[in-house]
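This report describes a single protein chain from its overall make-up down to selected residues. The structure is shown first, and the description follows.

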Amino acid sequence: MKRAGTLRLLSDLSDFSGAARLRELLAGDPAVRVRCSPDGRHLLLLRPPGAPAPQLLVAVHGPGSELERAWSAGQPQPLDAFFLPWPARPVLVLVWESGLTELWGVGVGPGWQLLQSTELCPSGGAHVVAVAASRGHLVWCEESQVRDEGQLGPPEATFSHRVCVRSLEPNREVVPALGHTHILLHHCPPFGLLASRRDLYLVPTATTWSGVAHILLIWTPSKGRVRVSAPSLGLAHSKNLNPGRGDTWDFRILLRSLPGLLSPRQPLAVHTSAPVSQGLLMLDFRGTVSLVHPHGSTRPVGILHEPPMGPPGSAALGTFQGTLACVLGSTLELLDMGSGQLLERKVLSTDRVHLLEPLAPGLEDKQEPEARGGVRLLSAVGLFGVGWEAPQALELPSAEDLVFEEACGYYQRRSLRGAQLTPEELRHNSTFQAPQALASILRGHLSPSTLLTTLRVELRDYRGLEQLKAQLVTGDEEEAGWTELAEQEVARLLRTELMGDELAELNTIFQTLPTAAWGATHRALQLQLDRAGRLRSQAPPEVWKKVLGGTAAGKEPPNGILPPFELLCRCLCRLEPRWLPSFVELAQQQGGPGWGTGGPGLPLYRRALAVLAEEGPRPEALELELLLSSGRPKAVLQAVGQLIQKEQWERALEAGLALGSSSPLLRSEIFKLLLAEFAQHRRLDPHFPLLHRLCPPDLAPTELLLLLQKHLPDEEEPPAPFSAPGAEPTLTVGLLRALLEQTGAQGQPSGPPVVNLFEDILWDPGTPPPTPPRGSVTALQAPEPPAMETWAPSVQDFCVTDTH
């Protein structure tokens with residue numbers, strides 16, 4: 001049944017103070033800016049500079065007096081005016097370009113009173129270009145230094161603004177206290193500011209440099225985070241930005257620290273932007289409406305029947321009950337937020353229509369019944385409410401009906417007969433006693449308190465699930481409702497046998513709402529991080545058996561339906577890829593042999609790698625982590641081989657050392673692979689201490705040298721004592737000494753000493769041996785006469801008489 005939109009007159013404006021002036025401004029000035037107070041009783045109208053007096057009007061619904069302000073042609077007019085988001089007693093804020101700020105309110109006496117006048121920047125010289133009020137904060141964008149345009153170069157002119165904030169602290173009086181000024185961003189382009197109830201959006205303006213005009217920022221004060229989003233690139237990054245901790249960012253440094261944001265793109269062609277509870281709505285000049293979520297992602301909502309023809313900012317956007325409302329001139333279009341389908345198009349009696357902000361949370365019940373759950377339109381004709389006709393109340397099935405319906409589906413799946421089983425047949429057939437006994441309990445004929453207490457929780461869950469489904473059917477398509485429904489369905493499916501329709505339904509939920517589905521699985525598996533940063537689970541083995549169950553041989557699921565484990569791996573690949581190796585490692589610890597496969601089946605890491613291959617080109621880092629965390633010898637050796645090819649020596653050595661003493665053979669194989677590289681080149685020398693630690697304790701020096709000899713490069717020329725200039729140094733005994741000492745010390749017997757071939761190398765006494773006596777040095781001389789060669793001195797030779 002198609003829903004019908006309604007447009008009801010809520011007020012003809014006669015019950016507002018200053019009704020005549022209110023109609024005059026709404027009918028006469030199309031550029032008037034309209035705001036509504038959080039309680040819905042006050043309407044603010046601010047006319048652009050140069051408009052005739054009054055430039056400011058605040059009308060009150062019911063008892064109360066209006067506020068009119070006018071400024072002469074020579075006086076500066078307010079840049080913006082708005083109400084603070086405090087519904088208890090509205091406070092009006094007026095902000096000038098100079099930074100002057102006035103706070104107005106309704107005091108004890110009649111009429112409006114000036115509560116406070118202050119300067120946003122006490123130092124003076126400010127030039128405010130935009131201002132907004134988020135929850136508990138007053139934020140503005142100003143030109144950091146006002147200089148002569150002739151002295152301002154292109155780089156300084158591009159990033160000559162800054163975004164500042166002052167906290168709004170309510171006190172016992174009406175006037176809120178303004179905190180100290182804090183700079184959120186400096187050296188940034190001019191930004192427009194749009195505030196929702198939880199977030200503040202910084203959007204580029206017409207004067208923003210085109211190189212960064214495709215970027216917008218989303219600041220969430222409650223979380224102290226800022227998200228930098230580029231909708232045209234599909235990128236979003238998050239950074240800390242908490243003024244309470246003194247956080248501040250240089251806009252240029254912020255962009256340089258986030259990869260991919262400065263890719264050349266066209267500026268955001270935005271005609272109109274509007275903050276809503278789901279995010280930020282953006283209408284471009286082609287008529288396409290997109291929604292920027294608070295976490296930075298962007299999705300298209302729909303395309304209007306006609307593109308906007310008026311000046312930028314002249315359209316009005318809003319949402320209600322999962323419906324997008326857009327006012328373009330005298331046309332109102334209603335689109336479905338989920339499918340983008342045009343639901344209804346209405347032609348209004350005037351082209352000067354303003355869409356008012358929704359009321360503050362908790363005040364919807366104070367609205368007229370006709371306006372609840374819709375949006376409000378304001379024109380000179382009156383105040384109107386747009387919504388859907390209330391559908392007829394859906395009759396929820398009773399608990400007894402739910403029993404027979406669920407039992408009918410349960411028995412039908414296990415029945416071999418072709419006839420369809422009906423709930424009425426179960427009511428009157430005595431074959432199935434369990435549903436009839438439970439129905440008797442619910443009717444009150446029996447009162448076994450123990451059984452009823454056991455079933456009460458499950459029945460309440462089923463009834464709550466049906467109520468939630470009925471609520472969504474009536475048109476309440478809020479994202480929170482769909483998320484809750486997905487979480488309940490996933491939790492229910494994990495308690496069933498995941499086969500056939502249940503498995504297909506689980507795949508559909510993961511495809512439609514992956515975040516909610518993974519959150520429900522996270523709770524069902526009771527996943528948590530230990531002190532070492534690894535995943536741990538406290539779920540019972542029965543739950544893991546259903547999750548890790550594969551597909552039996554010859555019974556592949558139809559239409560590409562994935563088993564639960566592959567489904568979770570694909571979800572993690574898209575949401576949090578860095579947790580996939582840790583999840584697979586945990587699953588290998590929890591899994592039993594052949595769960596759900598009818599045999600040994602594939603290892604879990606290979607099933608995860610198959611999912612990665614289906615998602616596109618495998619990320620090498622993620623594939624390496626899966627291979628290393630698998631614990632399988634072939635997979636670990638494959639990963640170490642890839643690391644060796646990439647010359648990531650330290651990572652390869654750490655992979656071997658992480659095995660510990662539980663895998664001595666695998667650790668020995670990794671050592672031999674790295675030792676072969678060590679023998680061939682010297683690029684592994686800086687990591688020699690790690691190679692020394694990886695050396696197997698049972699390796700003998702002889703075996704070590706034989707391994708080295710096997711992998712030494714072939715020498716074309718005889719070895720030289722020194723390497724040629726520019727050539728890579730060769731392996732020397734000095735480099736091997738530590739390894740030889742370790743293997744020799746580990747292999748040295750504890751008994752009597754045994755002569756070893758390498759004893760002179762391994763056990764150096766530490767001091768050199770004594771120097772042998774020098775002998776006569778025989779020099780090479782020319783041949784002499786034989787008499788001289790054979791002459792030998794005698795005793796008589798020394799007895800010579802002096803004849804002189």
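Ser229 is buried, as its relative accessible area is 0%; buried stands for under 20% relative accessible area, exposed for over 50% and partly exposed for the range in between, with a 1.4 Å probe and protein chains only. The model is a predicted one, in which local features need pLDDT of at least 70 and side-chain atom pairs count only at pLDDT 80 or more, while totals for chains, interfaces and linings use all residues. Residues are numbered from 1 along each chain as its sequence is written, and side-chain values use heavy atoms, with hydrogens and water left out.

Ser229 belongs to strand β18 (residues 225–230). Helices (H or I, at least four residues) and strands (E, at least two) are DSSP runs numbered from the N terminus. The side chain of Ser229 comes to 2.8 Å from the backbone oxygen of Gly296. This is a polar contact, a term for a pair of N or O atoms within 3.5 Å; within protein, one atom must be able to donate a hydrogen and the other to accept it, and residues adjacent in sequence count only if both atoms are side-chain atoms. Neighbours within four places in sequence aside, Ser229 is in contact with His214, Ile215, Leu216, Leu235, Ala236, Gly296 and Thr298, where contact means heavy atoms within 4.5 Å.

**Overall make-up**

The protein has 23 helices and 33 strands. Of its 804 residues, 42% are buried. Among contacts between residues at least 6 apart in sequence, 53% join residues at least 24 apart.

The largest nonpolar core has 75 residues, and Trp544, Leu580, Phe583, Val584 and Leu674 touch the most other members. Another core, of 28 residues, lies apart from it and includes Leu184, Leu200, Leu233 and Leu261. A nonpolar core is a set of buried Ala, Val, Leu, Ile, Met, Phe, Trp, Tyr and Cys residues joined through side-chain atoms within 4.5 Å.

**A sheet and a helix**

Four strands form an open sheet in the order β2-β3-β4-β5, with antiparallel pairing. Its edge strands, β2 (33–36) and β5 (67–69), each pair on one side only. From one strand to the next the twist averages 10°, with axes taken as lines fitted to C-alpha atoms (for helices over the stretch in contact) and angles running from 0 to 180 degrees between N-to-C directions. Strands β3 (residues 42–46) and β4 (residues 56–60) run antiparallel and are joined by five bridges; two strands pair if DSSP finds at least two bridges between them. His42 has Val60 of β4 as its bridge partner.

In helix α17 (residues 649–657), the buried residues are Trp649, Ala652, Leu653, Ala655, Gly656 and Leu657. Among the elements that cover them are α15 (620–630), α16 (633–645), α18 (664–680) and α19 (688–694).

**Aromatic pairs**

Rings of Phe, Tyr and Trp (its six-membered ring) pair if their centres lie within 6.5 Å; planes under 30 degrees apart count as stacked, over 60 as edge-to-face and the rest as tilted. By this rule there are eight aromatic pairs. Two of them are listed here.

| Pair | Centre distance | Plane angle | Class |
|---|---|---|---|
| Trp71 and Trp96 | 6.1 Å | 80° | edge-to-face |
| Phe159 and Trp209 | 6.1 Å | 80° | edge-to-face |

Trp71 lies in the loop between β5 and β6 (80–83), and Trp96 in the loop between β7 (91–95) and β8 (100–106), 25 residues apart. Trp71 is buried at 9% relative accessible area, and Trp96 is buried at 5%.

Phe159 is in the loop between α2 (154–158) and β12 (161–169) and Trp209 in the loop between β16 (200–204) and β17 (216–220), so this pair ties together parts 50 residues apart in sequence. Phe159 is buried, at 16% relative accessibility, whereas Trp209 is partly exposed, at 44%. Ring pairs join Phe159, Phe191, Trp209 and Phe251 into a cluster.

**Two further residues**

Asp247 sits in the loop between β19 (235–240) and β20 (249–250). With a relative accessible area of 18%, Asp247 counts as buried. A polar atom of the Asp247 side chain lies 2.9 Å from the backbone nitrogen of Asn242. Not counting residues up to four places away in sequence, Asp247 touches His182, Ile183, Asn240, Leu241 and Asn242.

Pro423 is in helix α5 (residues 423–428) and is partly exposed, at 31% relative accessibility. Its contacts, leaving aside neighbours within four places in sequence, are Phe404, Glu405 and Cys408.
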